Amino acid sequence: MSFSSVKLIGEVNIPGDKSISHRAIMLSSISTGKNTVKNFLSGEDCLSTISCFRKMGIKAEMCRNNEVTIQGTGLRGLAKPIGNLNVGNSGTTIRLIMGILSGQNFESTLIGDDSIAKRPMKRVTDPLRLMGAKISGNEDGNFTPITIDGGNLSGIDYKMPIASAQVKSSIILASLYANSPTKIIEKNKSRNHTEIMLKSFGADIDVSGNEIYVKPVQNLYSQDIYVPGDISSAAFFMAGASMLKGSEVLIKNVGLNETRTGILDALKDMGGNYEVLNKKYVCGELMGDILVRHSNLNSTVIDSKLIPRIIDEIPIIAVMATQAEGTTIIKDAKELKVKESNRISSVVSNLKKMGADIEELEDGMIIKGPTKLKGCSIQSFSDHRIAMAFSIASLVASGNTNIDNTSCVEISFPGFYEILKEIIY
């Protein structure tokens with residue numbers, strides 16, 4: 001159902017995947033030789049990663065067309081930074097880089113912005129300490145600033161208490177420097193970009209079901225990397241086209257890694273009308289084009305089986321649920337509370353203001369639809385995904401919607417509003 005006369009029509013090229021862009025810079029920096037990263041996401045978070053590695057002596061040059069060249073200095077070639085390493089707003093940067101810093105022979109201190117200062121880090125610092133890293137920080141290493149005195153790591157057997165690609169990746173990166181192998185067991189599979197990319201760089205890593213085995217290595221070897229479009233960014237256009245009558249949007253060169261395509265599963269379950277075209281593998285990652293048309297949506301249930309593959313898309317799925325027939329239940333999503341904002345309360349409070357029939361749960365939300373949304377003043381909470389989700393919601397709503405601090409979308413999707421304007425009819 002759609003209550004709006006607006007529609008989305010056109011072809012969209014979205015920026016490179018944020019998760020892969022971060023990892024491409026990190027692995028290139030600790031490899032030997034020159035690396036080229038194409039279709040790099042030049043958003044603020046990924047630029048924070050480049051900044052941190054530059055402070056450790058890495059030469060990274062931004063070229064035209066979102067291309068970055070990096071001269072790697074090898075696993076043990078990073079230099080002790082002068083001053084703190086500032087990760088800005090980037091949770092991926094701080095959590096992954098902790099694994100690399102744990103293997104270095106110098107001390108370093110990580111800081112970030114006010115949002116990072118509130119995000120829990122013990123989920124990373126605890127396993128790294130088990131490996132032998134010396135880590136100190138606020139509340140026993142749970143909050144920044146965090147200081148790491150690296151070196152002398154040993155492999156561990158570690159059962160992941162939560163599904164988190166950031167935590168898993170940090171342990172994997174530290175394992176490269178250990179004196180014995182590491183085994184990581186996941187309860188639910190989280191995104192596996194680190195495992196895929198490390199294989200191409202020559203790491204000794206093996207994945208069997210939900211178990212990951214990593215052996216220490218002496219070197220990683222330089223690569224040319226193409227970063228597919230970010231499916232988490234594509235989700236906003238997929239949702240808009242699905243909700244708005246007469247819409248048809250083709251989103252080009254989107255990453256289709258199976259650990260990230262929960263949005264496609266959810267959309268299919270909601271009766272969405274889409275096709276995946278031109279599939280191909282590039283640098284070990286599956287990518288393709290997604291053609292989305294309007295459909296009459298129905299409700300769905302999203303729980304622990306899907307949450308690890310869809311966590312970043314929950315805000316926009318909640319918006320879709322307001323236009324779907326029936327009751328949508330989102331649960332087992334406590335992880336949303338420790339994102340850039342508490343995304344459960346952020347989504348619920350904003351959608352209530354727009355007139356949605358929505359109830360907040362301890363670990364999610366219940367949404368009854370379809371309801372006619374109305375324009376109002378929206379708080380972004382300086383959270384890029386909240387700002388973009390409610391920008392799409394504003395197209396469905398009647399009247400004017402004002403969203404504060406929309407500049408925060410630069411964190412993950414520079415050019416979002418320009419692209420959106422081009423396809424609105």
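These are my notebook entries on one predicted protein model.

**Ground rules**

I number residues from 1 along each chain as its sequence is written. The model is predicted, so I ask for pLDDT of at least 70 for local features and 80 or more for side-chain atom pairs, while totals for chains, interfaces and linings use all residues; side-chain values use heavy atoms, with hydrogens and water left out.

**Entry 1: overall form**

I started with the whole chain. The C-alpha trace spans about 60 × 40 × 40 Å along its principal axes. I then checked the radius of gyration, taken over C-alpha atoms, against the globule rule of 2.2 Å times the number of residues to the power 0.38. For 425 residues a compact globule would come near 22 Å; the protein chain has 21 Å, which agrees.

I looked up the secondary structure next. The protein chain has 13 helices and 22 strands. Both are DSSP runs numbered from the N terminus: helices are H or I with at least four residues, strands are E with at least two.

Burial came after that. I use buried for under 20% relative accessible area, exposed for over 50%, and partly exposed for in between (1.4 Å probe, protein chains only). Buried residues make up 59% of the 425 residues.

**Entry 2: an enclosed helix**

Which residues of α3 are buried? I found G91, T92, T93, I94, R95, L96, I97, M98, G99, I100 and L101 on the list. That is eleven of the eleven residues of helix α3 (residues 91-101), so the helix is largely enclosed by the rest of the structure.

I also checked S175, which sits in helix α6 (residues 165-175). Its relative accessibility is 0%, so S175 counts as buried. From S175 to E195 I noted 12 Å, C-alpha to C-alpha, for a separation of 20 residues in sequence.

**Entry 3: salt bridges**

My criterion is a side-chain nitrogen of Lys or Arg within 4 Å of a carboxyl oxygen of Asp or Glu. By this rule I have 23 salt bridges.

D126 forms a salt bridge with R129, and the closest N and O atoms are 4.0 Å apart. Both residues lie in helix α4 (residues 122-130), three residues apart, about one turn of the helix. An α-helix has 3.6 residues a turn, so residues three or four places apart point the same way. D126 is partly exposed at 33% relative accessibility. R129 is also partly exposed, at 24%.

Then I took a pair between elements. The side chains of D265 and R309 meet at 2.8 Å, N to O. D265 lies in helix α9 (residues 262-269) and R309 in the loop between β17 (301-302) and α10 (314-321), so the pair ties together parts that are 44 residues apart in sequence. D265 is partly exposed, with a relative accessible area of 36%.

Is the E340–R343 pair buried or exposed? Both E340 and R343 are buried. Their side chains meet in a salt bridge of 2.8 Å, N to O. The pair belongs to a network of salt bridges that links R119, R191, D312, K339, E340, R343, D383 and R385.

**Entry 4: negative surface patch**

I searched for charge patches, built from residues with over 30% relative accessible area and no salt bridge, like charges being joined within 9 Å. Lys and Arg count as positive, Asp and Glu as negative; His and the chain ends are not counted. E44, E410, E418 and E422 gather in a patch of negative charge on the surface. E44 lies in helix α2 (residues 44-54). It counts as partly exposed at 44% relative accessibility.

Most residues other than glycine have a negative phi, and most peptide bonds are trans. I looked for exceptions.

P370 lies in the loop between β20 (364-369) and β21 (377-378).

For positive phi I noted N66, near 55 degrees. N66 is in the loop between β3 (59-63) and β4 (67-73), and is partly exposed at 35% relative accessibility. N253 has a positive phi of about 55 degrees. This residue is in strand β14 (residues 248-255). At 24% relative accessibility, N253 counts as partly exposed.

Technical notes
Patches are made of residues with over 30% relative accessible area and no salt bridge: like charges are joined within 9 Å, nonpolar side chains (Val, Leu, Ile, Met, Phe, Trp, Tyr) within 5 Å. Accessible areas come from the Shrake-Rupley method with a 1.4 Å probe; for residues, only the protein chains shown count as cover. The place of a charge is taken as NZ of Lys, CZ of Arg, CG of Asp or CD of Glu.
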